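Hi,

Here is the structure I promised to pass on.

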Amino acid sequence: MAYQFVSYEDHIADLLVSKGYRRFVGASPLAWDITIGRMNDLPDDQITIYQVGGNKPEVRWLVDYPAIQIKVRGGANNFKAAREKAEILSNLLVGQASYTAANGDRIVSIGGIGTVGALGWDDKKRPEFVLNLSMITEPHPDNRPNSNREPL
Amino acid sequence: MTAGISASEVSDTRSARAGMAQIIKNYRKFVHNVEEAVPTVLLMALEPTFELSLEYCPKDTGAMAASGYLEATDFRGKPRVEMGYGRGGEPEYTAKVHENMEYKHKAPTRAKWLQIALQEDGPNVQRRIVAALKV
């Protein structure tokens, strides 16, 4: 395969897109669109995916243990819907069967770190929830061309 | 002979039972000692992790860092150690700051200070527990 780097947060976004979600399109954003790394002010109902860090990668083998955070924000009068959306995302992602992504990276597992957490409200009284995930991944060696590690 | 069992066999059985009773007594003592030591061992093993989390904890006012705790508790009769910040919702913004990946913090402070400390130091915690229980 040719080099095609995809971040772990993008892998999660791609997985959610395959399950019917949509990435944020600035020209015509919809409720529950997915953004990466930064939550936009609009729409109110939004899902943002961040990479947090994770556990130490394997030194000898191309195996990583990234951690992901998903933040869900609802409208000011949409607490229940936002809470429910966070739960739905948790159910869709935690325990996902192993699969090979389009760029060749192997997503071995997706697990939860705790359960859905409520963060309260932002400065516009919009409710926020977070879901933390731990992943085990085997990046395709073509996507890590300078790596000292070897594929399993 | 007693019911087909020789006197020497009866003696052997009594001796074996007495020996086993001593083994059980020693084992119970060992378990008791381990149970007594575990809270201290866990606290000792997690102390460097807690110190690392304090290093990463944002300190604009110092209130969040001051709210950090590491303590031995008891859960359903079993020893447990708890580590955290903002217990009881004080300061009330602690969870929000911990989980907000978009705030800018002055290095080395950062969001997720407790989670990162646990992830970075997790393998060392296990090693410290094993080493301490071996002594």
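Let me start with Ile12(A): leaving out residues up to four places away in sequence, Ile12(A) touches Ile49(A), Ile68(A) and Leu93(A). Before going further, please keep in mind that this is a predicted model.

**The cores**

Ile12(A) belongs to the largest nonpolar core, which has 26 residues. Along with Ile49(A), Ile68(A), Ile70(A), Val72(A), Leu89(A) and Leu133(A), Ile12(A) is among those that touch the most other members. Which elements build this core? In chain A, α1 (8–18), β2, β3, α2, β5 (106–112) and β7 each put in at least two residues. The biggest contributor is β7(A), with five residues. There is also a second, separate core of nine residues, and its members include Cys57(B), Ala111(B), Trp113(B) and Ala117(B).

**The strands of chain A**

Is β3(A) mostly buried or exposed? Eight of its nine residues are buried, so β3(A) is largely enclosed by the rest of the structure. On one pairing, β3(A) runs antiparallel to β2(A), and nine bridges join them. As a landmark there, look for Thr48(A), which stands opposite Lys71(A) in β3(A). On another pairing, β3(A) runs antiparallel to β7(A), this time with seven bridges. Here Ile68(A) has Leu133(A) in β7(A) as its bridge partner, and both of those residues turned up above in the largest nonpolar core.

β7(A) (residues 127–138) also pairs with β6(A) (residues 117–121), in the antiparallel sense and over four bridges. In this pairing Gly120(A) stands opposite Glu128(A) of β7(A). The two strands form a hairpin with five residues between them, and in the turn Lys125(A) has a positive phi of about 65°.

**A loop spot worth a click**

Ser98(A) sits in the loop between α2 (79–93) and β4 (99–100) of chain A. Is Ser98(A) buried or exposed? Exposed: there are 11 other C-beta atoms within 10 Å, and a residue with 12 or fewer counts as exposed. Even so, if you set aside its neighbours within four places in sequence, Ser98(A) is in contact with Arg106(A), Ile107(A), Val108(A) and Ser109(A).

**Helix α4 of chain B**

Now over to the other chain. Helix α4(B) covers residues 113–134, which is 22 residues. At 1.5 Å a residue the helix should span 32 Å, and its end C-alpha atoms are 31 Å apart, so the two values agree. There is a bend of about 55° at Asp121(B), with a proline, Pro123(B), following within four residues.

Which residues of α4(B) are buried? They are Trp113(B), Leu114(B), Gln115(B), Ala117(B) and Gln119(B). The buried residues of α4(B) pack against parts of both chains: β2 (46–55) and β3 (65–73) of chain A, plus α1 (7–56), β2 (78–84) and α3 (94–99) of chain B.

**Where the chains meet**

How many residues are in contact across the two chains? Ten from chain B are in contact with 13 from chain A. On the chain B side, α3 and α4 each supply at least two residues. The largest share, four residues, comes from α4(B). By class, that side of chain B has three nonpolar, three polar and four charged residues.

**Backbone details**

Two peptide bonds are cis. The one joining Leu42(A) and Pro43(A) has an omega of about -5°, and Pro43(A) lies in the loop between β1 (33–36) and β2 of chain A. The one from Glu90(B) to Pro91(B) has omega near -5°, with Pro91(B) in the loop between β2 and α3 of chain B.

Positive phi values also show up away from glycine. Trp32(A), in the loop between α1 and β1 of chain A, has phi near 70°. Trp32(A) is buried, with 22 other C-beta atoms within 10 Å. In chain B, Lys112(B) has a positive phi of about 60° and is found in the loop between α3 and α4. Lys112(B) is buried too, with 22 other C-beta atoms within 10 Å.

Cheers

Terms used: Residues are numbered from 1 along each chain as its sequence is written. Chains are lettered from A and ligands numbered from 1 in the order in which they are written. This is a predicted model: local features need pLDDT of at least 70, side-chain atom pairs count only at pLDDT 80 or more; totals for chains, interfaces and linings use all residues. The expected span of a helix is 1.5 Å times one less than its number of residues. The bend at a residue is the angle between axes fitted to the seven residues ending there and the seven starting there. A residue is buried if 20 or more other C-beta atoms lie within 10 Å of its own, exposed if 12 or fewer, and partly exposed in between; C-beta atoms are placed from the backbone. Two residues are in contact if their C-beta atoms, placed from the backbone, lie within 7 Å. Ala, Val, Leu, Ile, Met, Phe, Trp, Tyr, Cys and Pro count as nonpolar, Asp, Glu, Lys and Arg as charged, and the others, Gly among them, as polar. Two strands pair if DSSP finds at least two bridges between them. A nonpolar core is a set of buried Ala, Val, Leu, Ile, Met, Phe, Trp, Tyr and Cys residues joined through C-beta atoms within 7 Å.
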